[in-house]
Amino acid sequence: MAFERVCAASEVQVDTPKRVVVGEWPIAVVRDSAGNLFAIGDRCTHGDISLSEGFVEGCELECWAHGSRFSLTTGWPQNLPAFEPVPVFEIKLENDDILIDPTPIYKEKE
Ligand code: FES
């Protein structure tokens, strides 16, 4: 798959997840305080909850419903009740645009 533009860089504020949809995938886009960009599947694997409505804690995104924290780099939950990973996606900044490759990547458990 090719990278697709999802939004302007200015639309993604530090530690404030933004939901985008690329192809069939809802994706949570996160910029951490160091300026790194992450893209992970925007559906908690414990319930039908949008992770982009949750909270960024360092390099993790916490589901507001029951508190599972998903690694922004691997997609794996770091605590129960979720125990299955969400996919991660390649993301890049090009000029002032954020681009995502909507090919899901399921990483090995860290
Ligand atoms: S729905 Fe996300 S932890 Fe329960």
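What share of the contacts in the protein chain with a separation of 6 or more comes from residues 24 or more positions apart? Such residues account for 41% of these contacts, where contact means heavy atoms within 4.5 Å.

The structure is a predicted model, in which local features need pLDDT of at least 70 and side-chain atom pairs count only at pLDDT 80 or more, while totals for chains, interfaces and linings use all residues. Residues are numbered from 1 along each chain as its sequence is written, and side-chain values use heavy atoms, with hydrogens and water left out.

**Overall form**

The protein chain has zero helices and nine strands; helices (H or I, at least four residues) and strands (E, at least two) are DSSP runs, numbered from the N terminus. Because a compact globule of 110 residues would have a radius of gyration near 13 Å, the 13 Å of the protein chain agrees with that form. This radius is taken over C-alpha atoms, and the globule rule is 2.2 Å times the number of residues to the power 0.38. The C-alpha trace spans about 40 × 30 × 25 Å along its principal axes. Of the 110 residues, 46% are buried, that is, under 20% relative accessible area with a 1.4 Å probe and protein chains only.

**Strands 3 and 4**

Strand 3 (residues 25-31) and strand 4 run antiparallel and are joined by five bridges; two strands pair if DSSP finds at least two bridges between them. Val30 has Phe38 as its bridge partner in strand 4. The two strands form a hairpin with five residues between them, and Gly35 in the turn has a positive phi of about 95°. Strand 4 (residues 37-41) is mostly covered, with five of its five residues buried.

Arg31 lies in strand 3.

Glu60 belongs to strand 6 (residues 60-62). Beyond four places in sequence, Glu60 touches Phe55, Arg69, Phe70, Ser71, Leu72 and Gln78.

The table lists a distance for each of these two residues.

| Residue | Partner | Distance |
|---|---|---|
| Glu60 side chain | Arg69 side chain | 2.8 Å |

Methods: A polar contact is a pair of N or O atoms within 3.5 Å; within protein, one must be able to donate a hydrogen and the other to accept it, and residues adjacent in sequence count only if both atoms are side-chain atoms. Buried means under 20% relative accessible area, exposed over 50%, partly exposed in between (1.4 Å probe, protein chains only).
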